[in-house]
Amino acid sequence: MRKSIRAFTGEIVPADVVQSIVLGASRAPSSKNTQPWKLILVQGQALENMRVDYLTGFNNGKAPSFEYAYSKDPLPETFKTRAIDLGKAFLTHKGIGREDKEKRKEHDSQNYRFFDAKQVFFLAVNRDEYGQGTFLDCGLFLQALINELYKRGLGCCPQYSVMAYPDLLSKHIPHSENLLFLLALPFGYPQVNHVVNTFVSKREPLENFFRVVE
Ligand SMILES: Cc1cc2nc3c(=O)[nH]c(=O)nc-3n(C[C@H](O)[C@H](O)[C@H](O)COP(=O)(O)O)c2cc1C
């Protein structure tokens, strides 16, 4: 069963394996075969430099500046309830009390460290090429990428949170002025027994989202 992986062994996924993952993902469908996705792998010193800037930003309370709204604001009530449930369940699983501000800040900072992954994919589209459907194509590509990773015993966690600092993305990713970044995907070999990786999120029962008409 797939689930988000947020702690990695530190072993680097070799370049030939990365290439076969990305090639496999590129078989994702897209409307009219437009293939609007752009994928950038950041690793090595470039990633370490980016991580330092992200953490500094987070620790100094840098204001978020998202370039696209992921969802309605405020969240619709049902979504809000699920999001709150998830947050509570994950913190409880990690043994962090709601009042423990220090541990909660450390927990939040994990996003801005890219969960200490050694390799992070960034998914983007050209700023002058996208429409709403493009995001759907990119979602399919993202899921294909996730499947390719898991097929090889790798794990990952999609991240919207780190889209908060687009200036840092353009600072550390050369020639990205014309890109709208959608998501980060830290990936690697899972630390299987790490507490963050043993968490299993809930799902709605089938009848809440599926029906048959005949
Ligand atoms: C578009 C998208 C953005 C996400 N952003 C974050 C994020 O910023 N930080 C994080 O820890 N998880 C993030 N997640 C992971 C979700 O929290 C996770 O998929 C959800 O809780 C279901 O859990 P599972 O992936 O383990 O099944 C994101 C997932 C998606 C699809």
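This is a predicted model: local features need pLDDT of at least 70, side-chain atom pairs count only at pLDDT 80 or more; totals for chains, interfaces and linings use all residues.
**The whole chain**

Show the complete protein as a cartoon. It contains six helices and four strands, and from the N terminus the elements follow the order α-β-α-α-α-β-α-β-α-β. Along the principal axes, the C-alpha atoms occupy a box of roughly 55 × 50 × 35 Å. The radius of gyration is 18 Å, which agrees with the value near 17 Å that a compact globule of 214 residues would have. If the display is coloured by burial, buried residues account for 22% of the 214 residues. Of the contacts with a separation of 6 or more, 85% are between residues 24 or more positions apart.

Next, select the four strands, which form an open antiparallel sheet in the order 1-2-4-3. Its edges are strand 1 (38-43) and strand 3 (155-156), each of which pairs on one side only.

Strand 1 and strand 2 (residues 119-126) run antiparallel and are joined by six bridges. Selecting K38 shows A124 of strand 2 opposite.

Move on to strand 2 and strand 4, which pair in the antiparallel sense over eight bridges. Here Q119 stands opposite F187 in strand 4. Strand 4 itself is mostly covered, with seven of its 10 residues buried.

Finish the sheet at strand 3, which is antiparallel to strand 4 and connected to it by two bridges. For an example of this pairing, select G155, whose bridge partner in strand 4 is G188.

**Helices against the sheet**

Helix 5 lies across strand 2, strand 3 and strand 4 (179-188), and runs at about 160 degrees to strand 2.

**Backbone particulars**

Most residues other than glycine have a negative phi, and most peptide bonds are trans.

- Select K32, in the loop between helix 1 (15-25) and strand 1. K32 is not a glycine, yet its phi is positive, at about 55 degrees. K32 counts as exposed because it has 7 C-beta neighbours inside 10 Å.
- Return to F114, in the loop between helix 4 (101-112) and strand 2. F114 also is not a glycine and has a positive phi of about 55 degrees.
- Select D73 and P74 together: the peptide bond from D73 to P74 is cis, with omega near 0 degrees. P74 is located in the loop between helix 2 and helix 3 (77-93).

**The ligand surroundings**

Which residues surround the ligand? Select K3, S4, L86, N111, C157, P158, Q159, Y160, S161, L183 and S201, which make up its surroundings. How many residues of this shell are nonpolar, polar and charged? The shell divides into five nonpolar residues, five polar residues and one charged residue.

Key
Residues are numbered from 1 along each chain as its sequence is written. A residue is near a molecule or strand if its C-beta atom, placed from the backbone, lies within 6 Å of it. Ala, Val, Leu, Ile, Met, Phe, Trp, Tyr, Cys and Pro count as nonpolar, Asp, Glu, Lys and Arg as charged, and the others, Gly among them, as polar. The radius of gyration is taken over C-alpha atoms; the globule rule is 2.2 Å times the number of residues to the power 0.38. A residue is buried if 20 or more other C-beta atoms lie within 10 Å of its own, exposed if 12 or fewer, and partly exposed in between; C-beta atoms are placed from the backbone. Two residues are in contact if their C-beta atoms, placed from the backbone, lie within 7 Å. Two strands pair if DSSP finds at least two bridges between them. Axes are lines fitted to C-alpha atoms, for helices over the stretch in contact, and angles run from 0 to 180 degrees between N-to-C directions.
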